[in-house]
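Work through each task before consulting its solution.

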Amino acid sequence: MKFVAAFLTSALLAGAVHAATANPDATQIKAAHDLMAAMQAEKMMRMTAGMSKYASPDQRKQVMDKVIKLQPEFVYSKLAMPVAKLLSTETSLEMTRFYQSSYGQRVLHDTYNSSAQLYPTQPKPTPAEQAELKKPAYLKAEKEFKANEQAINHETFVLLKEVINGK
């Protein structure tokens, strides 16, 4: 029985780390950096900080003050290496293109500016945007991105802890 559980666990994890690269090259890191910039990762950091639990309201305020003062470039640079280890260069480039599009900008706006929802909704794409979303390169990139999204959020949390601890 333990063997079956171990096999299922490894099979699930294999899907999430299939694009993992132990030592990404400069191209992969640059692509991940550009993706973080396109995703406005500084807002992702603020969202992560805002959703975290704190011992007191004063501690929450101190953390939020630190996060708000962060330069966006600092966040992009710090997250580029861990994200490059998670995503292929092609996925980073394709998702950067997506987040720079008008539809991607609306998705980001809704993500960072909406209140908590039981069933989150995506903005409705125009017919031209729908055609872009059906392209094989985007579909492949979105699948890889979604498989690694929790890991990216975890890396954001790790960076938040470093910022809080003054590293």
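**Exercise 1: Two packed helices**

Helix 3 and helix 4 run roughly antiparallel to each other. The model examined here is a predicted one.

Task: Determine how the axes of helix 3 and helix 4 cross, and state which residues of the two helices meet.

Solution. 
Step 1. Two packed helices are described by the angle between their axes and by the distance between the axes.
Step 2. The axes of helix 3 and helix 4 come within 10 Å and cross at roughly 175°.
Step 3. Angles over 145 degrees count as roughly antiparallel, and helix 3 and helix 4 are therefore assigned to that class.
Step 4. On the side of helix 3, the residues in contact are M45, R46, A49 and G50; in helix 4 they meet R60, V63, M64, V67 and I68.
Step 5. Sorted by class, this contact contains six nonpolar, one polar and two charged residues.

**Exercise 2: A residue in a loop**

Task: Locate Q40 and decide whether Q40 is buried or exposed.

Solution. 
Step 1. Q40 is found in the loop that lies between helix 2 (26-38) and helix 3 (41-51).
Step 2. The relative accessibility of Q40 is 16%. Buried means under 20%, so Q40 counts as buried.
Step 3. With neighbours within four places in sequence left aside, Q40 is in contact with Y76, Q105, L108 and Y112.
Step 4. The backbone of Q40 also deserves attention: phi is near 55°, a positive value in a residue other than glycine.

**Exercise 3: The whole protein**

Task: State how many helices and strands the protein has, and what share of its residues counts as buried.

Solution. 
Step 1. The protein has nine helices and zero strands.
Step 2. Of its 167 residues, 36% count as buried.
Step 3. Among contacts with a separation of 6 or more, 78% join residues 24 or more positions apart.
Step 4. The protein exposes about 10600 Å², and carbon and sulfur atoms supply 61% of this area.

Note on methods. Residues are numbered from 1 along each chain as its sequence is written. This is a predicted model: local features need pLDDT of at least 70, side-chain atom pairs count only at pLDDT 80 or more; totals for chains, interfaces and linings use all residues. Side-chain values use heavy atoms; hydrogens and water are left out. Helices (H or I, at least four residues) and strands (E, at least two) are DSSP runs, numbered from the N terminus. Buried means under 20% relative accessible area, exposed over 50%, partly exposed in between (1.4 Å probe, protein chains only). Contact means heavy atoms within 4.5 Å. Axes are lines fitted to C-alpha atoms, for helices over the stretch in contact, and angles run from 0 to 180 degrees between N-to-C directions. Angles under 35 degrees count as roughly parallel, over 145 as roughly antiparallel, 65 to 115 as roughly perpendicular and the rest as oblique. Ala, Val, Leu, Ile, Met, Phe, Trp, Tyr, Cys and Pro count as nonpolar, Asp, Glu, Lys and Arg as charged, and the others, Gly among them, as polar. Accessible areas come from the Shrake-Rupley method with a 1.4 Å probe; for residues, only the protein chains shown count as cover.
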